[in-house]
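Subject: Structure handover, salt bridges

Hello,

Here is the structure you asked about.

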Amino acid sequence: MPEARGGLHRRIALETPEHVRLEYQLADLGSRAAALALDLAIIVTTILLVALVLRFTGALGGAGAGIGIAVLYIVLFFATWGYFLFFEAVWDGRTPGKRALGLRVLHDGGEPLSFQGSVLRNLIRFVDLQPGVTGMAGAATILFNRRAQRLGDIVAGTIVVRDTGGGEMFGDEVEVSGRPTRPTLSPEQFELLAGYMARQEGLEPGVRARVASSVWGALRESVGGDLAESTADPDARLAHLHGAEAPRHAARRGGASLQAAAMARERREAWEAYTALVEKGRARGLGALTEEEVRAFGRLYRGVTADLARARTYGASPAMMEAVERWAGSGHNLLYRAKGRAAVPLGRWVAREFPRAVRRHRWPVLLAALLLFGPMLASYGAVRDVPARARAIMPPGMLARAENTARGDPDAAYLEVGGAEMPALSSMVMTNNVGVTFTAFAGGLLAGVGTVLILVFNGVLLGAAFGLYANNEVLGVILAFVFPHGVMELSAICLAGGAGLGLGSALLVPGRRTRREALRERGREFLSLLGGAVLLLLVAGLVEGFYSPSGLPAVAKFAFGGATTVLLAVYFGFAGRGVRAAPAP
């Protein structure tokens, strides 16, 4: 298992499949908060720009208002749930904020972040931001977890590390000449200084000035003399200090540093060829390399990992170790990012894997259904017995709609929705319901309590709504509206609830695994249910936005809902049977 090491910065050692040990500096709470703040600024700015464009192009008013509002709903949903997931999945574990701060998300075994890992860590972000949007839960977990993981990282099995992705070229090792004096800085302090000098060229001027000031503040008391009293800027002082201290620490390590310097000279040409291929692969993907370049990359990567082991044996300087480790890690991420792209094709997942997952996890799904439909029936009965209870549960708009609906006409409109308004209704319903399912899944991390509350709350509201309409003798009107899409929506809520309860079971009954291991395993295992719920809600949103409020007679809507019920029952009961399950990717 990888272990974090103490010191001025928390570090973690990861072993690759080639049995090469890579060390990373874990991102601290401050740098992660700064990256989050930058990402939030980008999100808010983008939303404002989209809203202004829609406003001044007239897309939020007139005949095109429905489409403009639909676009705005989708943008808001992406900002809430999709921004971090999308960028981390397609941008090798980085969002714009993380890239600006030199941070990257990796799996805690050293592998590049997978799409599945990105989904899990970003769905659980909802819990990390609690209470409210303070982020206190995630911040506390980062501070007290030895791998600096928030709750989403624990479930996804990920870590956030400092990684500029290469940036600087390999440096030459310092050669010892003469008889240098005794070092002024401790080995830990010199490691901090050398680390800054190794990455300073890749920092933006403002960031470089702030980091230099922070590093100088940490070292100033140990320096003393004329340098401490100098009026030069911190960056210049650190450069001068490094020039003086590097030979002293090289001498402290003895003649081994001479071997590291000789290796740096001998391998310079190979290192330059390797870094060029890594940069090309990072920019365009490993598939952009020619067959000859791919072979060269593999050969050079093996050489660099061997150089890393030699550098450790020779006692190379921290600056050289930093560069070699970073470039070895960049090559490793590039190599395994390409290898990890295999996934179950969407068609096969829909036809086989998803219905199999529903049958395999039928018990938590059935428990979720009980938690949804039980309160719904109880709430319906309570409102039917005492009609005044509906006023304590239902919003005023729903009360007015039920009271003003014409009785004795099942074809009466539940909602008056014009054709131009249907795209807005569809997108609003779709994004809201998908957000609820995401929340139900994430709530499972609270030992299932969050999932239970969401299921019960929605069940109570549904039952009260049906009871309200029944009391006003217009139950058929709301049923005619709900039935075409309702079977899909309620099935999706049960699937998401089952996934959340499955995740919560890792804390309550982890079995022979630790709770951390159980969370990771069940998070991945139940993610298929959540994906299927989202797919159902996308279809249900289209039906609810365009078909359910249409002027078709109630009998057509009931027939559509009945056909949907039969198709889903057959699909979940029989799809994928008789075909050998595919091996896990």
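A residue counts as exposed when its relative accessible area is over 50%. By that cut-off, arginine 295 and glutamate 291 are both exposed. Keep in mind that the model is predicted.

These two residues form a salt bridge, with the closest N and O atoms 3.0 Å apart. Both sit in helix H13, four residues apart, or about one turn of the helix.

Glutamate 293 makes a salt bridge as well: its side chain meets that of lysine 280 at 3.1 Å, N to O. This pair links distant parts of the chain, 13 residues apart. Glutamate 293 is in helix H13 (residues 291-314), and lysine 280 is in helix H12 (residues 256-284). Lysine 280 is partly exposed, at 25% relative accessible area.

The side chains of glutamate 88 and lysine 98 meet in a salt bridge of 2.9 Å, N to O. Glutamate 88 belongs to helix H2 (residues 65-90) and lysine 98 to helix H3 (residues 96-101), so the bridge ties together parts that are 10 residues apart in sequence. Glutamate 88 has 0% relative accessibility and therefore counts as buried. Lysine 98 is buried too, with a relative accessible area of 10%.

For the overall count, the structure holds 17 salt bridges.

Best wishes

Note on methods: Residues numbered from 1 in each chain as written. Predicted model: local features only at pLDDT ≥ 70, side-chain atom pairs only at ≥ 80, totals over all residues. Heavy atoms only, no water. Salt bridge = Lys/Arg side-chain N within 4 Å of Asp/Glu carboxyl O. Helix = DSSP H or I, 4+ residues; strand = E, 2+ residues; numbered from the N terminus. Buried < 20%, exposed > 50% of the residue type's maximum accessible area, 1.4 Å probe, protein only.
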